[in-house]
Amino acid sequence: MDSSAPDGFGPQRLGADPFDTDRFEASRNRLASLAYRLLGSAADAQDAVQDAFLHWQAADRQQIRVPEAWLTKVVTNLCLDRLRSAQARRERTAGAWFPELLLDGDPMLGPADTFEQRESVSLAVLTVMERLTPVERAVYILREAFSYGHAEIAEILAITESASQQHLHRARTRIGAERRRGGREVDPAAARRIVEEFLTAATSGRTERLVALLTDDVIALSDGAGLAEKLLRYDTPRRVATVLRGGFTSTPAKQRLAGGALALHYAVVNGAPAVLFVLGDQVRGAVAFEVTEDKIAAVRGIAAPARLLRLAGAWRQHEPDAALVTDW
């Protein structure tokens with residue numbers, strides 16, 4: 001083995017298959033989960049992985065010593081190109097960008113063995129990472145979610161090891177200062193209980209009980225039932241409670257917009273408790289919650305079909321629990 005090629009990019013002859021699709025497919029889910037963490041969009045992640053496959057087909061694979069390392073480098077840099085593009089900058093600075101929601105069990109959420117890996121796909125961290133530079137974002141994901149060493153990261157990103165360490169320090173500092181979950185995970189049963197209490201209070205119009213369930217620095221983000229050009233942001237417990245009470249009150253107009261009476265189901269998206277608004281087997285909207293041990297710190301409501309596309313597809317293959325509300 002050539003020890004002068006630390007990341008597996010040195011030469012070694014592979015098999016005779018001219019396309020080597022099996023080697024690529026063995027890495028597809030890992031590459032997709034890497035691309036999703038970097039881009040926050042399942043659709044864009046799939047495009048990046050497909051572009052990587054085209055690079056793989058065109059490459060002289062006899063010169064690729066470790067395919068997994070080579071593919072990681074290609075996908076990471078394809079994602080960085082997307083993050084740096086003028087179109088991406090316009091979309092992400094216009095106030096309308098939001099991470100695409102993924103249903104629990106989606107392979108794009110993996111790996112998920114450690115807290116850092118699970119946190120890296122949380123809506124809170126994906127949102128905070130929008131404030132990092134593309135390289136800071138890549139270093140953070142490669143290190144925290146995929147356990148790459150700084151020498152490997154330096155090779156992937158064409159930077160020095162010390163630069164990789166500095167980018168990681170800045171990323172950890174920013175994420176540690178701004179993430180709302182405070183580095184603690186909440187027991188799934190406790191999270192569900194809080195959301196069920198919230199739903200009971202919201203659908204009954206009990207504003208005071210809603211206020212009591214919210215942290216003092218709570219925020220709410222919404223795409224206005226999928227109709228707003230920019231995300232709507234609300235803060236202060238009373239303002240958020242008022243908006244949520246109105247949002248969770250069923251009306252004939254809302255039912256007409258949705259196409260009929262909806263069922264409200266409990267779900268887990270990006271590791272967070274959520275309520276899905278479902279008509280038949282079609283997801284019409286999702287509200288995800290960021291919870292502490294006994295309160296709600298953030299609420300994110302999404303109804304734009306493009307932001308729910310992958311989640312909606314996964315839900316149609318899902319066996320849900322009984323609806324929390326059957327005729328909303």
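Predicted model: local features only at pLDDT ≥ 70, side-chain atom pairs only at ≥ 80, totals over all residues.
1. The crossing of helix 1 with helix 7 is right-handed, a crossing being right-handed if the near helix is turned clockwise from the far one by less than a right angle, and left-handed if anticlockwise. Axes are lines fitted to C-alpha atoms, for helices over the stretch in contact, and angles run from 0 to 180 degrees between N-to-C directions.

2. Residues are numbered from 1 along each chain as its sequence is written, and side-chain values use heavy atoms, with hydrogens and water left out.

3. In the contact of helix 1 with helix 7 (heavy atoms within 4.5 Å), helix 1 contributes Leu-34, Arg-37, Leu-38 and Leu-39, and helix 7 contributes Arg-137, Ala-138, Ile-141 and Leu-142. These residues divide into 6 nonpolar, no polar and 2 charged. Here Ala, Val, Leu, Ile, Met, Phe, Trp, Tyr, Cys and Pro count as nonpolar, Asp, Glu, Lys and Arg as charged, and the others, Gly among them, as polar.

4. Helix 3 (residues 67-84) packs against helix 8 (residues 150-157) at about 60 degrees, the axes lying 9 Å apart. This angle makes helix 3 oblique to helix 8, and the crossing is right-handed. Thr-72, Lys-73, Thr-76, Asn-77 and Leu-80 of helix 3 meet Glu-155, Ile-156 and Leu-157 of helix 8. The division at this contact is 3 nonpolar, 3 polar and 2 charged.

5. An open sheet of 6 strands has the order 2-1-6-5-4-3, with mixed pairing; two strands pair if DSSP finds at least two bridges between them. Strand 2 (232-235) and strand 3 (263-269) are the edge strands, each pairing on one side only. From one strand to the next, the twist averages 20 degrees. Strand 5 (residues 282-291) and strand 6 (residues 296-302) run antiparallel and are joined by 6 bridges. Glu-290 stands opposite Ala-298 in strand 6.

6. Which strands does helix 12 touch? Helix 12 (residues 237-247) packs on the sheet against strand 1 (214-222), strand 2 and strand 6, its direction making about 45 degrees with that of strand 1. Helix 14 (residues 305-316) also packs on the sheet, touching strand 3, strand 4 (272-279), strand 5 and strand 6; its direction makes about 105 degrees with that of strand 5.

7. The peptide bond from Gly-110 to Pro-111 is cis, with omega near -5 degrees, and Pro-111 is found in the loop between helix 4 (86-93) and helix 5 (115-119). Ala-225, in the loop between strand 1 and strand 2, has a positive phi near 60 degrees. Most residues other than glycine have a negative phi, and most peptide bonds are trans.

Conventions:
Helix = DSSP H or I, 4+ residues; strand = E, 2+ residues; numbered from the N terminus. Parallel < 35°, antiparallel > 145°, perpendicular 65-115°, else oblique.
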